[in-house]
Amino acid sequence: MVQYNNLDAMVQNMFDAGCSENEVSCFCKCLECNNKKEELAILGMRRVELLNDIHKIQYNIKLLDEIAVIVKGDST
């Protein structure tokens with residue numbers, strides 16, 4: 001588990017995880033107010049977005065695989 005000793009590292013990790021400027025700004029405001037519930041909500045929303053992206057990519061790969069099976073079947 002990552003330990004956060006300073007705000008800069010946490011902010012950088014959020015950007016690296018694909019968080020927007022607005023998400024990071026809102027998170028920092030919540031951090032200042034010690035609003036852990038809202039901090040977790042912001043992180044959770046971003047996590048859901050990333051999972052949705054993964055599922056979309058998995059579906060796209062599945063479609064390509066199905067097309068490849070059809071193409072291979074036509075060439076044999």
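## Helix H2 and its surroundings

Helix H2, formed by residues 21-32, contains 12 residues and reaches 17 Å from its first C-alpha to its last, close to the 16 Å expected at 1.5 Å a residue. The structure is a predicted model.

The buried residues of H2 are Glu23, Val24, Phe27, Cys28 and Cys30. Viewed down the axis of H2, these buried residues fall within an arc of 160°, so they line one face of the helix. On the face turned away from this buried side, H2 carries the exposed residues Glu21, Asn22, Lys29 and Glu32. After H2 comes asparagine 34, which has a positive phi, near 55°.

The largest nonpolar core comprises 9 residues: Met10, Val11, Met14, Cys19, Val24, Phe27, Cys28, Cys30 and Ile42. Helix H1 (7-16) and H2 each supply at least two residues of this core. The most is given by H2, with 4 residues.

| Residue | Residues in contact |
|---|---|
| Phenylalanine 27 | Met10, Met14, Glu39, Ile42, Leu43 |
| Glutamate 39 | Phe27, Cys30, Leu31, Asn34 |
| Leucine 43 | Met14, Phe27 |

Phenylalanine 27, a buried residue of H2 and a member of the largest nonpolar core, touches both Glu39 and Leu43. Glutamate 39 lies in helix H3, which spans residues 36-75, and leucine 43 also belongs to helix H3.

Glutamate 39 is buried yet has no salt bridge. The nearest side chain of opposite charge, that of lysine 36, is 4.8 Å away, and a salt bridge requires a side-chain nitrogen of Lys or Arg within 4 Å of a carboxyl oxygen of Asp or Glu. The contacts of glutamate 39 include Phe27 and Cys30, both of which are buried residues of H2.

Leucine 43 and valine 24 are separated by 19 residues in sequence, and their C-alpha atoms are 9.5 Å apart in space.

Terms used
Residues numbered from 1 in each chain as written. Predicted model: local features only at pLDDT ≥ 70, side-chain atom pairs only at ≥ 80, totals over all residues. Heavy atoms only, no water. Expected span 1.5 Å × (residues − 1). Buried < 20%, exposed > 50% of the residue type's maximum accessible area, 1.4 Å probe, protein only. Arc of directions from axis to C-beta. Core = buried A, V, L, I, M, F, W, Y, C linked by side-chain atoms within 4.5 Å. Contact = heavy atoms within 4.5 Å. Lys, Arg positive; Asp, Glu negative; His and termini not counted. Lists of a residue's contacts leave out its neighbours within four places in sequence.
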